[in-house]
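Read it with the model open beside you.

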Protein chains: 2
Amino acid sequence: MSTSIKRANQEAIRRIEEGNAMWVDLRLAREVVPGMDEHTVFHAGPPVAWRNMCGPMRGAIIGASMFEGWARTPDEAIAIAESGKLKFDSSHHHRAIGPMSGIITPSMQVNVVRNERFGIDTCSTLYMGTGKVLRHGAYDETVMAKLRWMNHELAPLLRLALHDAGGIDLMAIAAQALQMGDELHNRNKASNPLLITKLAPHLVKVGERDKVIEALRFIDNAGHFILNMVMAGCKGILDAASGIPGSTIVTTIARNGYQTGIRVSGTGDQWFTAPAPVIKGVFFPGFGPEDANPDMGDSAITETMGLGSLAMAGAPAVVQYVGGTPEFAVETTMNMYEITVAEHKTLKMPTLNFRGTPLGIDIRKVLETGVTPVINTGISCKRAGVGQIGAGLTAVPIECFEKAIEAFAATRGVSVD
Amino acid sequence: MSTSIKRANQEAIRRIEEGNAMWVDLRLAREVVPGMDEHTVFHAGPPVAWRNMCGPMRGAIIGASMFEGWARTPDEAIAIAESGKLKFDSSHHHRAIGPMSGIITPSMQVNVVRNERFGIDTCSTLYMGTGKVLRHGAYDETVMAKLRWMNHELAPLLRLALHDAGGIDLMAIAAQALQMGDELHNRNKASNPLLITKLAPHLVKVGERDKVIEALRFIDNAGHFILNMVMAGCKGILDAASGIPGSTIVTTIARNGYQTGIRVSGTGDQWFTAPAPVIKGVFFPGFGPEDANPDMGDSAITETMGLGSLAMAGAPAVVQYVGGTPEFAVETTMNMYEITVAEHKTLKMPTLNFRGTPLGIDIRKVLETGVTPVINTGISCKRAGVGQIGAGLTAVPIECFEKAIEAFAATRGVSVD
């Protein structure tokens with residue numbers, strides 16, 4: 001049996017390495033996200049009911065409901081959510097993805113990222129910046145105003161620029177940025193300016209002067225604007241490797257603040273979940289561990305793709321944001337080689353003598369070693385309405401892999417070696 | 001005596017660390033470079049007469065003479081140079097600097113970079129890109145056309161943008177770029193996009209659409225556009241530390257393709273020279289060591305400032321351009337700590353756990369250890385008119401330091417301990 005698993009995993013790796021990620025469009029979610037109807041709310045992580053949703057996810061839904069006009073006040077929004085009128089589902093079931101709470105509703109503009117090789121379009125929310133933002137559950141008027149500006153001003157301008165550019169190759173930027181100390185999850189110091197450098201001439205060509213200046217400044221100040229497109233790119237690439245019978249490669253890691261879930265190629269769309277863990281991190285002034293929400297967000301798709309914490313050795317300076325030392329960053333990546341089956345052909349880290357990033361988390365290796373994938377992540381306040389309060393490190397619970405291997409064995413009708 | 005040397009060197013380091021580098025203006029050389037009159041040609045490295053100038057420096061002077069209208073053909077330019085009509089001098093004597101041949105003539109637009117703390121303005125040529133360019137001695141019509149466009153179109157636009165920005169802080173960009181794997185001499189993959197990110201909103205504000213697009217694309221494609229401003233910044237900072245009696249710190253390393261020269265704080269403006277060495281490097285297709293000109297250019301001011309090869313440990317990917325391995329890059333920086341007296345307070349390398357770059361090359365330490373400063377550099381073809389043919393590594397000849405210590409001892413009237 002191990003031969004056929006090996007072959008299945010090789011096929012998964014082949015598809016991942018052949019995939020690409022072109023940022024091609026911005027569109028209204030209702031136009032491009034499959035299954036996005038009125039009163040539909042897609043969220044990060046595995047499926048979760050309103051009653052189990054954490055504070056920041058509820059906060060983001062309150063904000064989104066007011067943005068959509070479904071509610072005028074937070075109390076009205078909560079009443080609507082409790083009434084059962086909203087249709088909730090995991091974005092991962094709808095070719096969509098978003099960091100932290102990852103809330104997507106019909107009137108939101110989303111990035112469209114295309115895996116051209118496999119014909120998969122994946123959508124993601126627009127990155128709002130750090131601090132008080134919708135994805136972390138903040139919804140005061142400053143947040144709502146920014147959301148409206150992004151939707152009605154920024155997105156249409158970016159769309160024109162992107163069409164003028166004929167799309168922007170995100171994995172080419174990711175490969176360059178890895179050479180420049182980014183890990184493409186919590187450190188985007190290189191990828192974001194590289195995006196601006198690519199985009200600027202096209203923005204200038206299509207936009208009004210003042211709006212172009214505003215857009216350039218916003219993308220620069222947001223710091224991680226490219227993250228949401230990279231996330232959609234990673235998902236589109238990994239989705240092409242999903243559903244390969246016999247493959248033990250992880251194709252999704254996602255958290256909703258209540259549970260962490262993984263999906264495995266050989267078991268398709270099935271989730272294997274465990275309670276979302278706490279995050280060991282660096283907190284913004286005035287906040288501490290007692291304020292922290294458990295792990296949340298779809299951004300661990302970067303780790304699933306071998307970026308983020310898996311590529312930390314190439315990003316020693318990320319420890320200034322998530323904690324730890326450069327030595328710890330190298331150790332983390334070295335540990336991740338123990339649970340992966342390949343090294344990426346084009347995503348390489350100069351600090352490890354241009355070794356490829358660890359690619360293809362194998363649930364068997366995780367269980368053999370007891371080493372689980374580390375995640376670099378932002379920390380939300382557990383109370384709705386506050387926002388981001390820090391950043392740090394956590395790991396996927398081993399329970400997810402224990403459940404996965406059982407289900408995988410069942411698909412084979414035998415015990416797993 | 002060693003106590004007073006120590007104190008003098010501490011003063012030099014203090015001045016270097018307190019200095020800054022603001023890119024504040026672009027002006028015609030005749031308006032801002034002290035001593036720049038008609039038929040004046042300033043060049044890289046220590047002073048050198050026409051008869052001793054190497055092929056690429058002569059090529060650049062031919063191009064500059066045609067650009068100025070002093071000659072219509074290369075033969076006319078050579079005749080004028082041989083006639084003694086041109087006044088040659090080292091740019092370093094005139095608060096100016098340029099990479100490779102570093103030729104500056106009166107009608108050229110130059111960057112003005114200000115050390116605000118010490119009131120020193122330093123000028124540098126504009127970076128033309130790689131390949132066939134004036135600084136490497138090429139002067140065909142494509143080179144001349146590009147030079148005219150840069151002078152008459154690009155520079156005035158950049159000037160307006162820079163005034164709108166109120167100047168751009170180059171050492172802030174350098175500090176960031178060091179965290180992103182640049183060494184700020186041969187690797188500017190981060191610093192150049194960071195410059196574009198800072199500059200773009202101001203360019204958009206002041207420029208015509210098509211010219212802004214052209215400028216953004218040019219700066220991006222040039223790859224190292226920021227290098228010439230960083231060089232002027234380094235010189236302005238180091239010049240403030242020149243002329244401190246009793247200091248054994250190197251304040252200039254510069255080469256003219258004929259000789260390599262250094263200057264030392266305690267001996268002021270005196271040059272200590274040796275024949276320019278060959279460069280061990282990576283050659284562009286079709287070229288080899290037999291085509292290579294000896295070491296040339298003022299860009300080793302970056303090494304003098306603790307950047308370039310001295311900061312190579314922080315820039316492992318630069319070895320793809322200059323040769324070697326990431327391990328060699330770390331070794332190089334570790335060796336440079338042996339010949340320097342300090343570690344920079346704000347220029348830090350994450351790969352060495354945020355250790356400061358080696359700062360303040362001490363001629364005594366060079367002579368004690370026999371380790372001389374390594375230089376990352378481009379390689380010119382030795383024939384005039386060709387241009388860049390590769391990049392690589394070389395070192396400052398020990399002879400420069402032997403001469404320097406003798407002169408230094410003479411200033412003290414004693415032998416050096």
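At what angle do helix H5 (residues 141-165) of chain B and H8(B) pack? The angle is about 95 degrees, and the axes are 10 Å apart. H5(B) and H8(B) are therefore roughly perpendicular to each other.

This is a predicted model: local features need pLDDT of at least 70, side-chain atom pairs count only at pLDDT 80 or more, and totals for chains, interfaces and linings use all residues. Residues are numbered from 1 along each chain as its sequence is written, while chains are lettered from A and ligands numbered from 1 in the order in which they are written.

**Terms used below**

- Helices (H or I, at least four residues) and strands (E, at least two) are DSSP runs, numbered from the N terminus.
- Axes are lines fitted to C-alpha atoms, for helices over the stretch in contact, and angles run from 0 to 180 degrees between N-to-C directions.
- Angles under 35 degrees count as roughly parallel, over 145 as roughly antiparallel, 65 to 115 as roughly perpendicular and the rest as oblique.

**Helix packing in chain B**

- On the H5(B) side, B:Glu153, B:Leu154, B:Leu157 and B:Leu158 meet B:Lys211, B:Ala215 and B:Phe218 of H8(B). Contact here means C-beta atoms, placed from the backbone, within 7 Å.
- That contact of H5(B) with H8(B) has five nonpolar residues, no polar and two charged. Ala, Val, Leu, Ile, Met, Phe, Trp, Tyr, Cys and Pro count as nonpolar, Asp, Glu, Lys and Arg as charged, and the others, Gly among them, as polar.
- Helix H7 (residues 191-206) of chain B packs with helix H8 (residues 209-222) of chain B at about 170 degrees, with axes 10 Å apart. H7(B) and H8(B) are therefore roughly antiparallel to each other.
- H7(B) brings B:Asn192, B:Ile196, B:Ala200, B:Leu203 and B:Val204 to this contact, and H8(B) brings B:Val212, B:Ala215, B:Leu216, B:Ile219 and B:Asp220.
- The contact of H7(B) with H8(B) divides into eight nonpolar residues, one polar and one charged.

**Helix H5 of chain B**

- H5(B) has 25 residues and reaches 34 Å from its first C-alpha to its last, close to the 36 Å expected at 1.5 Å a residue. The expected span is 1.5 Å times one less than the number of residues.
- H5(B) bends by about 40 degrees at B:Met150. A bend is the angle between axes fitted to the seven residues ending at a residue and the seven starting there.
- B:Met150 is also one of the buried residues of H5(B), along with B:Val143, B:Leu147, B:Leu154, B:Leu158, B:Ala161 and B:Leu162. Buried means that 20 or more other C-beta atoms lie within 10 Å of the residue's own, exposed means 12 or fewer, and partly exposed is in between; C-beta atoms are placed from the backbone.
- The cover over these buried residues includes strand E1 (22-28), helix H3 (55-68), strand E7 (168-169), H7 and H8 of chain B.
- Just after H5(B), B:Gly166 takes a positive phi of about 70 degrees.

**Where the chains meet**

- In chain A, 26 residues are in contact with 26 residues of chain B.
- Helix H7 (191-206) and helix H8 (209-222) of chain A are the elements that give two or more residues to chain A's side.
- H7(A) gives the largest share, eight residues.
- Chain A's side divides into 15 nonpolar residues, six polar and five charged.

**Helix H7 of chain A**

- The 16 residues of H7(A) should span 22 Å at 1.5 Å a residue, and the end C-alpha atoms are 23 Å apart, which agrees.
- H7(A) bends by about 40 degrees at A:Leu199, and a proline, A:Pro201, follows within four residues.
- Twelve of the 16 residues of H7(A) are buried, so this helix is largely enclosed by the rest of the structure.
- The cover over the buried residues of H7(A) includes H7 and H8 of chain B.

**Residues in loops**

- A:Leu184 lies in the loop between H6 and H7 of chain A. A:Leu184 is not a glycine, yet its phi is positive, about 70 degrees. A:Leu184 is buried, with 35 other C-beta atoms within 10 Å.
- B:Met100 sits in the loop between strand E4 (96-97) and strand E5 (109-115) of chain B. Its phi is positive too, near 50 degrees. B:Met100 is buried, with 30 other C-beta atoms within 10 Å.

Key: Contact = placed C-beta atoms within 7 Å.
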